[in-house]
Amino acid sequence: MTINKVTTHISQNEQLIFERSQTGRIGYRLPALDVEEVDLNIPSEFRRDDDLEGMPEVSEVDVIRHFIRMSTWNYSIDLGMYPLGSCTMKYNSRLNERVARIAGFANLHPLTDEHDAQGALEVIYELQQHLAEITGLPGISLQPAAGAHGEMTGIMIIRAFLDARDGAAASHRRTMLIPDSAHGTNPASAHLSGFSVKTIRSTAEGLTDLEHLRELCAHGEVAGLMLTNPNTLGLFERNIKQICDIVHEAGGLVYMDGANMNALVGVARPGDMGVDVIHLNLHKTFSTPHGGGGPGCGPCCCTKELAPFLPVPRIVKASDTTYRLDYNQPKSIGRVKAFFGNYGMMLRALAYTLTHGNDGLREATEAAVLNARYVAAGLVEDYEKPFTGSPMHEVVFTDKRQSRKGVHTLDIAKRLIDYGFHPMTIYFPLIVQGAMLIEPTESVGRQELDQFVAAMKSIAQEAVENPELVLNAPHDTRIGRLDEAAAARKPVLRWKPS
Amino acid sequence: MEMLEAIGLGSAEELFDSIPQDLRLQRPLNTPAALSEIELLHSFEQMGARNSGARRISFMGGGAYSHYIPTIVDHILSRSEFFTAYTPYQPEISQGTLQTIFEFQTLVCQLTGMEVANASMYDGSTAMAEAVLMAERVTKRSKVVASSAAHPQYLEVVRTYVQHAGIHLELAAFDETTGQSWRALANAIDDTTAALVVQSPNFFGCIEDLAGLADAAHAKGALLVVAITEAMSLGLLKSPGACGADIVVAEGQSFGVPLSFGGPYVGLFATREKYARQIPGRLVGEAYDKKGRRGFVLTLATREQHIRREKATSNICTNEGLIALGATVYLETMGRRGVQEAAKQCAQKAAYAARAISKVKGYSLPFTGPFFNEFVVRAPVKATELLRDLGDEKGIEGGIALSRFMPDRQNDFLVCVTETNSRKQIDALVEGLATL
């Protein structure tokens with residue numbers, strides 16, 4: 001007898017909710033209307049006449065089963081290691097979730113008078129203080145909603161500072177320097193702030209090319225540099241101080257992409273390196289959940305000189321125990337988001353900071369770097385490591401050896417799924433052909449690291465002995481590789497009744 | 001230590017050898033020592049208790065609304081599989097997230113009457129700013145006329161976003177009698193106009209004539225951008241799509257998202273199919289595997305920053321995935337009839353409150369335009385003081401003083417009523433106004 005997988009398994013074939021809908025089903029209950037119903041003073045041409053046709057009609061248990069079934073199709077941190085380089089997928093404490101749901105915060109309207117929201121403002125202020133200490137940069141706004149949003153804010157601050165400093169002459173200073181290894185958000189954010197982008201080469205060592213930087217700075221139109229440190233190859237830019245000096249001498253400012261702060265918290269501070277402005281990702285370094293793509297929170301931290309340009313309102317201390325909103329900042333770039341930003345993420349990040357304590361924050365950094373180094377050491381025999389420098393919290397390998405057998409990074413990533421791991425970040429940074437960027441974070445123990453290394457070694461062996469096995473991976477998932485090219489050629493972006 | 005030895009190091013400090021010694025922090029961080037769970041909860045409970053506003057009966061709206069949230073919403077978004085997952089870059093093990101987003105995109109299209117919706121923006125205000133940038137890309141024109149009756153903070157965000165984009169932003173006045181701005185908007189259009197930007201219901205709660213604006217915009221080759229802060233209105237009001245809008249943006253907080261002092265919320269962004277390749281942010285589309293099984297993938301990524309870099313349609317990467325999931329659970333649980341019922345109750349209760357307040361001596365409603373569930377009240381005294389007294393003495397958050405945004409409107413305040421406000425609460429508000 002052979003046992004086959006039942007492919008019609010009900011929980012593996014959950015339909016779209018629209019396909020499950022049945023006329024007349026409801027899953028809600030509201031109290032009866034307790035005021036007399038009148039003819040509303042809304043002209044009929046302003047009223048809906050489609051009866052919301054097509055919206056689902058389902059029961060509560062339909063909804064529960066729908067989502068629980070779909071949830072089983074997801075990989076998540078709580079299932080295991082999620083070694084996405086540059087993404088810092090660390091454990092999300094349930095305690096932080098509980099804190100964010102405390103009624104005094106969850107039910108608080110953002111336009112509540114500041115006298116009646118003192119606890120909420122205290123949370124923002126306290127988190128600002130901690131982030132200032134961690135980055136060594138005293139000016140802070142928590143308003144940006146994500147990393148890219150914080151980047152845009154930081155770059156707009158640079159622009160406003162230069163305009164204020166140089167007046168009309170600033171119009172000649174419109175070039176932003178960005179390394180070729182940078183995140184795509186960097187050039188996109190620079191563009192939004194009205195800068196053109198010039199790319200700086202990386203050296204064979206994987207670091208910023210100082211000669212090229214000097215050359216680009218010699219032209220006088222440089223507004224600034226956007227640098228990730230440790231960079232996206234996982235290497236600390238050891239010449240950072242010199243880099244900042246070169247840019248400063250050329251009249252520009254240095255923006256640091258803080259996506260990789262998980263390698264630095266408690267160990268080194270951007271403010272001490274000469275960096276002028278940085279964004280943090282609370283949804284990376286400070287453990288607020290990624291939620292399948294967000295929400296994030298991208299605080300912008302800067303020097304005292306740049307602080308007047310931060311978004312309004314600023315949250316400041318009015319006395320020893322009271323806090324207030326400060327709108328009186330005439331140099332501010334303005335508001336980047338309604339209200340105060342993604343407040344729920346601030347609560348979680350503050351809880352993270354307080355439960356770790358100052359020593360725990362540093363220990364987390366040590367563990368994150370140690371884990372990456374351990375993986376680096378474990379895989380160096382089997383995979384090409386393009387840079388010899390010691391990596392910080394993440395390490396880049398390539399498919400150079402495997403590709404000789406026709407097995408590429410994508411295939412290795414897909415095969416990793418069969419071993420029960422989420423793949424690493426692939427094909428980023430763009431300057432490394434066939435890149436595999438691995439960031440284990442501190443939230444994984446030695447046993448699982450060993451399992452990961454063993455899985456990768458096994459795949460390296462399969463690539464030699466049985467490449468077909470790797471090329472057709474994954475084998476064990478609900479669906480196989482999807483035809484993404486066909487999906488993009490004729491996009492179907494919503495359900496429609498057939 | 002064993003792991004350190006395994007990689008040939010003698011101490012944790014050696015892990016950081018690539019950082020020059022003089023750049024390393026030589027002291028502990030000056031942040032507090034670790035707290036236990038008991039201490040931490042106590043500390044946050046205490047701070048939460050200092051938010052007296054969170055305990056009161058509330059009639060505050062203005063971009064953030066108190067609606068009923070079915071219990072299952074938080075239950076589902078607390079599932080590890082959803083909230084501890086990353087952006088669905090590996091579709092084979094992310095179908096839960098991807099199918100959910102596809103449903104979210106569909107629901108947004110159905111509600112707004114549009115053809116394509118993205119996987120979410122940060123919030124309504126940034127969605128409005130991105131819509132303005134997109135209108136400039138589509139029309140290659142540089143003038144944008146926005147309604148001065150749009151949410152003041154949304155307008156501030158738009159101003160920040162467009163300041164270096166070569167876009168000239170003009171504001172069209174609102175009518176002091178009706179509280180509407182559509183006439184002035186239609187009059188401000190010319191051949192250089194990329195878009196008219198209108199919020200409906202607007203910041204004063206008044207419904208604008210979207211169909212008329214669409215005609216006016218299209219006659220000059222401009223786009224109509226419609227913004228909505230109170231998305232529940234879509235359960236009752238004609239969809240912007242049916243009125244001819246080209247881009248619709250909305251704050252989705254009304255759909256099952258807690259107030260949480262302003263965020264995280266979720267921006268909705270929808271447009272016409274012909275502009276799909278100009279849309280900012282992520283899109284999920286249908287796809288098939290080799291065996292013909294249906295699945296979903298992130299698609300049309302060539303618009304996005306990780307591929308197009310400075311030529312991308314937006315710099316957005318992280319969006320509001322989990323909040324979009326919450327909104328999806330909300331909309332599917334409430335369903336077709338629940339959304340209609342909640343919207344109807346909002347409008348009926350607001351109409352009841354408006355009738356009752358306008359009968360209180362000294363109070364009036366300054367605007368005549370039709371409204372959904374928010375309306376402006378003119379008090380006989382300064383609104384800030386009145387609202388403070390209502391809060392302190394009656395335990396009622398009576399609304400939002402307009403003087404916070406418009407200094408010349410000292411006595412006006414914005415009242416919002418939802419399905420969560422009982423008649424008893426409304427009566428208490430009316431009585432409070434009458435006695436203070």
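These legends describe close-up views of a predicted model.

Local features here need pLDDT of at least 70, side-chain atom pairs count only at pLDDT 80 or more, and totals for chains, interfaces and linings use all residues. Residues are numbered from 1 along each chain as its sequence is written, while chains are lettered from A and ligands numbered from 1 in the order in which they are written.

**View 1. Chain A and its overall dimensions.** Chain A holds 16 helices and 12 strands. Both are DSSP runs numbered from the N terminus: helices are H or I with at least four residues, strands are E with at least two. The C-alpha trace of chain A spans about 75 × 70 × 45 Å along its principal axes. A compact globule of 498 residues would have a radius of gyration near 23 Å, and the 26 Å of chain A agrees with that. The radius is taken over C-alpha atoms, and the globule rule is 2.2 Å times the number of residues to the power 0.38.

**View 2. The domains of chain A.** The domain assignment gives domain 1 (10-71), domain 2 (96-354) and domain 3 (366-484). Such bounds come from an automatic or database assignment. The C-alpha centres of domain 1 and domain 2 of chain A are 42 Å apart.

**View 3. Where chain A touches chain B.** Here 159 residues of chain A are in contact with 152 residues of chain B. Contact requires C-beta atoms, placed from the backbone, within 7 Å. Helix H11 (residues 343-379) of chain A gives the largest share of the chain A side, 20 residues. That side divides into 82 nonpolar, 46 polar and 31 charged residues. Ala, Val, Leu, Ile, Met, Phe, Trp, Tyr, Cys and Pro count as nonpolar, Asp, Glu, Lys and Arg as charged, and the others, Gly among them, as polar.

**View 4. Helices H5 and H11 of chain A.** H5(A) (residues 118-135) packs on H11(A) at about 50 degrees, with axes 10 Å apart. Axes are lines fitted to C-alpha atoms, for helices over the stretch in contact, and angles run from 0 to 180 degrees between N-to-C directions. The two helices are therefore oblique to each other. Angles under 35 degrees count as roughly parallel, over 145 as roughly antiparallel, 65 to 115 as roughly perpendicular and the rest as oblique. Contact residues include Leu127(A) of H5(A) and Leu350(A) of H11(A).

**View 5. Helices H12 and H14 of chain B.** H12(B) (residues 321-358) and H14(B) (residues 423-435) pack at about 20 degrees, with axes 10 Å apart. That makes H12(B) roughly parallel to H14(B). Among the contact residues are Tyr352(B) of H12(B) and Leu429(B) of H14(B). The contact has eight nonpolar residues, no polar and one charged.

How values were computed
Two residues are in contact if their C-beta atoms, placed from the backbone, lie within 7 Å.
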